[in-house]
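Please keep the sequence and the 3D view open as you read.

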Amino acid sequence: MSERELTKRAAELPVGQCYISRTWQERGLAHVVVLRQVPDGTMLLGLYLVDVFCLGVKNAFSARLKNDEVRPFLEQCPDALQEIPYEDARSVILGAVEFARQFGFEPDGSWTDSGTVVEPDRLFNRRFDFGKDGQPLYIQGPHDDARKIMNKLAPFVKEEGAHYIAADESDETEFDEWCDEVSCLMEDKHFRDARNEIEEMLERYPERWEPLYLKGTCLAMEGKPDQAIPLLNQAIATEPSPEAYLNLATAHQALFHLEEWVTCLRKVVDLDGETGQYGHVAKMHIDEFAASIRKSDGISLDQHFAVGRIYDQAFKNLTTGHFDEAIRGFLEVLKALPNHVQTYGNLGLAYAGQGERDRAIACLDKAIELDADYQPAIDNRRILLDAPDEWLAVQSMREIDFYGDRARTGSRRPTATRAVAR
């Protein structure tokens, strides 16, 4: 199931842990995290930036994360988090939405897709108070459309039924110049100096998304995509800019997370358009990859990823010794991809694990027939033939992942683009 379909059906998934900023009631701004368990062992994460004093949901974000990606993601949150019961998390988010609507403020557009994680149409407990002393208090954020917000709030301010705190424009100019300076350092490959500046920036501006974006981009440019991904995800959760999605795509590509790579590229196109500076680049990569899949396999990109998920489950069953399930999965893959070399290779291993030597050798022979230079099948066939009749050396044979022989597309380096809000 795609991430979008999964998010639509989020209410069917069991709830895991939920977290909220420790100081949300004092500051009026809460990061709320809700985790749901997906049957394949991954987690569906919903993250919400909630202005409990005035505006309600300022941003919403959902993503499917592997278990080992959840903790790094949470650790990069600008606020210290504490656990909160799921129903309390819903009360904060939905209560803030309800309060904001009294003054004409609707949730950010990202709420439409990501709000399903907290079941927005189900009743919630009204456990918390919103506003400051019951009245809206608008504290201007760095990327707010302050004029539009104040136009809606003005009648309430006039009647002393609402209050506001404006941002200092000189501070904003200084911050923008600082971001430009860091971007230049990264472009010149002065990564250590850039990281030092970014760490200072994070200390001074822990609530902003730009330092997270810059740090993630810096790490990706240094060839550390695994460290870059949680930071870029955090930046996107607050401000889903096309630049951040493009650099996140590049980090996933470097780790051969091809489905995540394409998902991020599609988000770039959604945000920037097919003719935009970043959207054009993203669409070009998607089209090139789709064309290569269509040429080699005769299926669409989405079909390719769907088959890949079946393969991954079969591969997992193979490596854990569940050979019957592995065989069923690999045979399902071959219905869509009848000439998929790795599938024949691993199907041979699964049959070997069941003690079916003839079938195992036949599958390995088919893999070699399809690709005479396919070394894993050649090695495994030799091991199988050398094994005594009563014992098949499955543990010493080489398993191959779904993308094992896919051409490793040259990784495009992330850009040190200025972190401009969109």
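**From the surface to an enclosed strand**

Aspartate 133 is exposed, with a relative accessible area of 77%; here exposed means over 50%, buried under 20% and partly exposed in between, with a 1.4 Å probe and protein chains only. You will find aspartate 133 in the loop between helix H5 (111-114) and strand S6 (137-139). Its phi is near 55 degrees, a positive value in a residue other than glycine. Most residues other than glycine have a negative phi.

A word on what you are looking at: this is a predicted model, in which local features need pLDDT of at least 70 and side-chain atom pairs count only at pLDDT 80 or more, while totals for chains, interfaces and linings use all residues. Residues are numbered from 1 along each chain as its sequence is written, and side-chain values use heavy atoms, leaving out hydrogens and water.

Lysine 189 also has a positive phi, of about 65 degrees, although it is not a glycine. Look for lysine 189 in the loop between helix H7 (169-187) and helix H8 (191-204). With 60% relative accessibility, lysine 189 counts as exposed.

Now step back to the whole chain. It has 18 helices and 7 strands, where helices (H or I, at least four residues) and strands (E, at least two) are DSSP runs numbered from the N terminus. The C-alpha trace spans about 90 × 50 × 35 Å along its principal axes. Of the 422 residues, 51% are buried.

Why is strand S3 described as largely enclosed by the rest of the structure? In S3 (residues 43-51), 9 of the 9 residues are buried, so the strand is largely enclosed. Both faces are covered: Met43, Leu45, Leu47, Leu49 and Asp51 are buried on one side, and Leu44, Gly46, Tyr48 and Val50 on the other.

S3 also has strand partners, two strands counting as paired if DSSP finds at least two bridges between them. Strand S2 (residues 29-37) runs antiparallel to S3 and is joined to it by 9 bridges, with glutamine 37 standing opposite methionine 43. The hairpin of S2 and S3 has 5 residues between the strands, and there glycine 41 takes a positive phi near 100 degrees. S3 pairs with strand S4 (residues 56-65) over 9 bridges, again in the antiparallel sense. Valine 57 in S4 is the bridge partner of valine 50, and a hairpin joins S3 to S4 through 4 residues.
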